[in-house]
Amino acid sequence: MDYERKKNLREPEQTNEAADSEVSTHEQGSIEVFKARDKETKRYVALKKVLMENEKEGFPITALREIKILQLLKYENVVNLLEICRTKATPYNRFKSTFYLVFEFCEHDLAGLLSNVNVKFSLGEIKKVMQQLLNGLFFIHYNKILHRDMKAANILITKSGCLKLADFGLARAFSANKGQATRYTNRVVTLWYRPPELLLGERNYGPPIDLWGAGCIMAEMWTRSPIMQGSTEQHQLNLISQLCGSITPEVWPGVQNLELFNKLDLPKGQKRKVKERLKPYVRCQYALDLLDKLLTLNPNQRLDADAALNHDFFWMDPPPADLEKMLSHHTTSMFEFLAPPRRRGMQPHPQQQRPPVQQQNPDQHYDRVF
Amino acid sequence: MYLQQWILDKQDLLRERESDQKVLSEEEYQKIIIFFANFIQSLGEHLKFRQQVIATATVYFKRYYARNSLRSIDPLLMAPTCAFLASKVEEFGVLSNNRLITTCQQVVKNKYGYAYGSTEFPYRISQVLECEFYLLESMDCCLILYHPYRPLLQYAQDLNQSENSSDSLLQLSWRIVNDSLRTDVALLYPPFMIALAALHMASVMQQRDTKTWFAELAVDLDKVLEVTKHILGLYELWKNYDEKKEIGSLLNKMPKPKTAPSRPPSQGPSAQDLPQQGGSQSSQPTQQDT
C-alpha cells in the first residue's frame with residue numbers, strides 16, 4: 001500500500017548533481033545501473049533498470065529470476081534488494097512504467113579496487129575478502145541457487161568492508177536431485193572465469209562452477225588482473241590446461257563423455273603448475289594450497305564453499321583482518337567501469353585488458369598473463 | 001516475511017470486495033472467481049502445465065482481485081496473464097505468444113461457449129504484456145508462492161508409516177487441495193494448514209482413523225477446521241449450482257472496466273473502491289484497446 005508513496009519519493013534521479021561526480025550510469029550487458037538517493041532518508045541506493053529488451057517475452061525472465069532469488073536470499077554477504085519501484089505511468093510513456101530494482105548502495109567493486117594500484121591488500125585483508133566471498137557462496141548454494149556469473153566486477157564491497165555477491169541476473173535455482181540429469185544452458189559465466197566443465201559443454205552442472213570463479217578471483221587478489229584472459233573458448237581451455245595441467249580422463253574421470261571433449265583440441269602433456277606459477281605472487285603456502293584446490297579441473301573434486309572455509313588458510317596467522325581501515329583511505333567510489341585505462345609500465349604486464357570479455361581478438365595471444 | 005505479507009485477514013478481504021459486492025452478492029462474486037479458476041485450469045491443461053504452475057497462476061489471479069475491483073481489469077484478460085507470468089516464474093519456460101492467444105481462443109470457443117456464446121476471445125498479446133505490469137505491481141513483485149502440495153506429500157508419507165494408510169488417501173487429499181483453489185483459503189491460510197485440512201477431510205471421507213496422528217501435531221486444529229469449513233462451503237455451493245446455466249448472466253452483471261484497458265487500473269487502491277453506478281449495462285466483454 002505505501003508502495004505508491006515510497007515510489008514517489010524515489011523517482012530515479014540520475015545523479016548529475018555536483019556532489020556526485022564520481023557517479024555515472026553504466027551499462028553492463030543489458031542492464032543499466034544508477035546511483036540515486038532516497039529523497040526522504042537521504043540514503044543512497046543503486047537502481048538497476050529492468051530493460052524490456054525482448055518485447056515478446058514480456059517482463060524478462062532474467063529479471064523475474066533475480067527478483068525471486070534476491071527476495072529469498074537475505075544475507076550479509078549477498079547484495080540487499082530493498083524493494084522494487086517503478087516510474088509513474090503517465091500519458092507521456094503511454095502508461096508504461098519502467099521498473100527498477102532498488103539495492104543498498106555499495107561503494108566499491110572488487111575489480112575496481114584491484115585495478116587501482118594505490119589500493120593495497122594485506123594478507124589478512126585478502127583472507128577477509130575470500131572468507132566473506134565463500135560465506136556468500138555457501139549461503140546461496142545452501143539455498144540451492146547458482147550464481148553463474150562470478151567475477152571480480154560482480155563482487156561489491158561497502159566502505160565499511162562488507163563484501164556482497166551481486167548481479168544475480170544469470171542466477172537460477174538448481175535441483176539437488178542427482179539422479180536426474182538437468183539441461184541448463186552452458187552459455188553462462190564470463191569467459192575468463194568460466195570453469196572447464198562449462199567450456200566442454202556440460203549442461204548438468206552445479207555449485208562447483210561458482211567455486212572455480214572463486215579460485216580465479218582469489219588468485220586475482222595477488223596478480224591484480226584476471227589470471228586467464230582467453231579470447232575464445234578454445235583459447236580459454238588452452239590457458240586452463242597450461243595452468244592446471246592437461247584435461248584427461250585420468251585426472252577427471254568421465255570428462256571424455258562431455259559433448260565437446262572430442263571436438264576441441266585439448267593440449268596434451270601439460271603438467272599441473274598452479275602452485276608453481278602463482279608462487280611469485282602468492283607468498284603464503286596455505287593460500288597456494290587453497291588456490292590449488294579451488295582451481296581443480298574435476299568439478300567433483302573441487303572444494304565446495306564449506307570445505308574451503310575450513311581450509312587452514314583462514315585459520316593460520318595472520319587472521320582475517322577488517323577492511324574498513326584500509327578502505328577509509330580511499331574515499332571515492334571504485335568501480336571497474338570508472339577505473340582509468342591502465343597505463344603502460346604501471347602494471348607488470350601491459351597487455352591486459354578487461355572488457356570486452358567475449359569478443360574474439362585474434363591479434364592478441366597472451367598465453368601467459370602473469 | 002513475503003509469506004506473511006500475503007496471508008490476508010478475512011476482514012481485509014471483505015473490505016476490498018465491498019465495491020464489487022454492491023453489484024454482486026458474495027455468492028455471485030465467488031461464482032465468478034470460481035469460473036475463472038476453472039478457466040485457468042483448462043488453459044493450463046491445454047498448455048501442458050504442471051499442477052504447480054496452474055496453482056501459482058490461480059493464486060496470482062486471486063491476489064490481484066483481492067486488491068482490485070473486477071472493474072479494474074477484465075478477468076478474462078487477467079487469467080491468461082497470470083498463466084503467462086506463472087510459467088516464467090515457475091521455470092516452465094516462456095510461452096510463445098501465439099500459442100497463448102490461440103489456446104485462449106480455443107478454450108473460450110470449445111469449452112466455455114456456454115459463457116461467452118459466439119463471442120471470441122477478444123484480447124491480443126500486447127494487452128497481456130501490458131496487463132502483466134499491473135499484475136506485478138499489484139503483487140508488489142512477490143513472485144514466490146508455496147502451495148499445499150509439497151507439505152501434503154510429506155504428511156501423507158508420515159501418515160503412511162504410522163497408520164498404514166494407502167495412496168488413495170493422498171489422491172483424494174490432492175484433489176481436495178485442487179478444489180481449495182476455488183475458495184479463498186489460499187489468501188487466508190498458510191499452505192501447510194490447507195494440506196492438513198485436505199488430509200483430514202479425505203480421511204473422514206474414507207473413514208480412516210487418523211485421530212491419533214492429528215492429535216500429535218503441534219498445530220492449531222481450530223484453524224485447520226476453518227479451512228475445512230471454507231472447502232465444505234464450496235462443495236455446498238456446487239450442489240445446487242449449474243454453472244452452464246448461470247454464468248452467462250453473472251458475467252453480464254459483473255462490473256466492467258469503463259475505459260480502454262490501456263489505462264492504469266487504479267492510482268492507488270482507494271481510487272477504484274468507490275462504486276460507480278450499480279448493475280452494469282454492457283452485454284459482452286468486448287472493450288478494445290485503442
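1. Buried means under 20% relative accessible area, exposed means over 50%, and partly exposed lies in between. Please keep in mind throughout that the model is predicted.

2. The accessibility terms apply at once to a salt bridge in chain A. The side chains of Lys128(A) and Asp322(A) meet with a distance of 3.8 Å from N to O. Lys128(A) belongs to helix H4 (residues 123–142) of chain A, whereas Asp322(A) sits in the loop between helix H10 (305–309) and helix H11 (324–327) of chain A; the pair links distant parts of the chain, 194 residues apart. Lys128(A) counts as partly exposed because its relative accessibility is 22%, and Asp322(A) counts as exposed because its value is 57%.

3. In chain B, a salt bridge joins the side chains of Lys31(B) and Glu27(B), at 3.1 Å from N to O. Both residues lie in helix H3 (residues 26–46) of chain B, four residues apart, which is about one turn of the helix.

4. Another salt bridge in chain B pairs Lys239(B) with Glu236(B), their closest N and O atoms being 3.4 Å apart. The two are separated by about one helical turn because they stand three residues apart in helix H14 (residues 221–239) of chain B. Lys239(B) is exposed, with a relative accessible area of 61%, and Glu236(B) is partly exposed, with 45%. Elsewhere, Lys48(A), Glu66(A) and Asp167(A) are joined into one network by salt bridges that share partners. Over all chains the count comes to 22 salt bridges.

5. How many cavities of 30 Å³ or more does a search of the whole structure find? The search finds eight. The second largest cavity has a volume of about 180 Å³. Its lining holds 19 residues, and Val59(B), Tyr146(B), Ala186(B), Tyr189(B) and Pro191(B) lie nearest the centre of the cavity. Helix H4 (51–67), helix H10 (167–180) and helix H12 (191–205) of chain B are the elements that give two or more residues to this lining.

6. The lining of the second largest cavity comprises 16 nonpolar residues, two polar and one charged. At least three of the lining residues come from each of domain 1 (7–144 + 243–282) and domain 2 (149–239) of chain B.

7. The second largest pocket holds about 1,100 Å³ of space. It is lined by 29 residues, of which Ala173(A), Arg50(B), Gln52(B), Glu90(B) and Arg150(B) are the closest to its centre. Two or more lining residues come from each of helix H2 (61–72) and strand E10 (172–173) of chain A, and from each of H4 and helix H9 (149–163) of chain B. Which element gives the most to this lining? H9(B) does, with four residues. By class, the lining of the second largest pocket divides into 15 nonpolar, seven polar and seven charged residues.

8. Finally, an annotation from a record deserves attention. In an unreviewed entry, UniProt lists residues 38–137 and 150–233 of chain B under "domain: Cyclin-like". Over residues 38–137 of chain B, the chain is 73% helix and 0% strand, with the end C-alpha atoms 24 Å apart.

Methods:
Residues are numbered from 1 along each chain as its sequence is written. Chains are lettered from A and ligands numbered from 1 in the order in which they are written. This is a predicted model: local features need pLDDT of at least 70, side-chain atom pairs count only at pLDDT 80 or more; totals for chains, interfaces and linings use all residues. Side-chain values use heavy atoms; hydrogens and water are left out. On a 1 Å grid over the protein atoms alone, a cavity is a set of points where a 1.4 Å probe fits but cannot get out, and a pocket is an open set with protein on both sides within 12 Å along at least five of seven lines; lining residues have an atom within 4 Å of a point. Grid points are joined across faces, edges and corners, and a volume is the space filled by probe spheres set on the points. Ala, Val, Leu, Ile, Met, Phe, Trp, Tyr, Cys and Pro count as nonpolar, Asp, Glu, Lys and Arg as charged, and the others, Gly among them, as polar. Domain bounds come from an automatic or database domain assignment. A salt bridge is a side-chain nitrogen of Lys or Arg within 4 Å of a carboxyl oxygen of Asp or Glu. Buried means under 20% relative accessible area, exposed over 50%, partly exposed in between (1.4 Å probe, protein chains only). UniProt positions are given in the numbering used here, feature names are shortened, and annotations may be inferred rather than shown by experiment.
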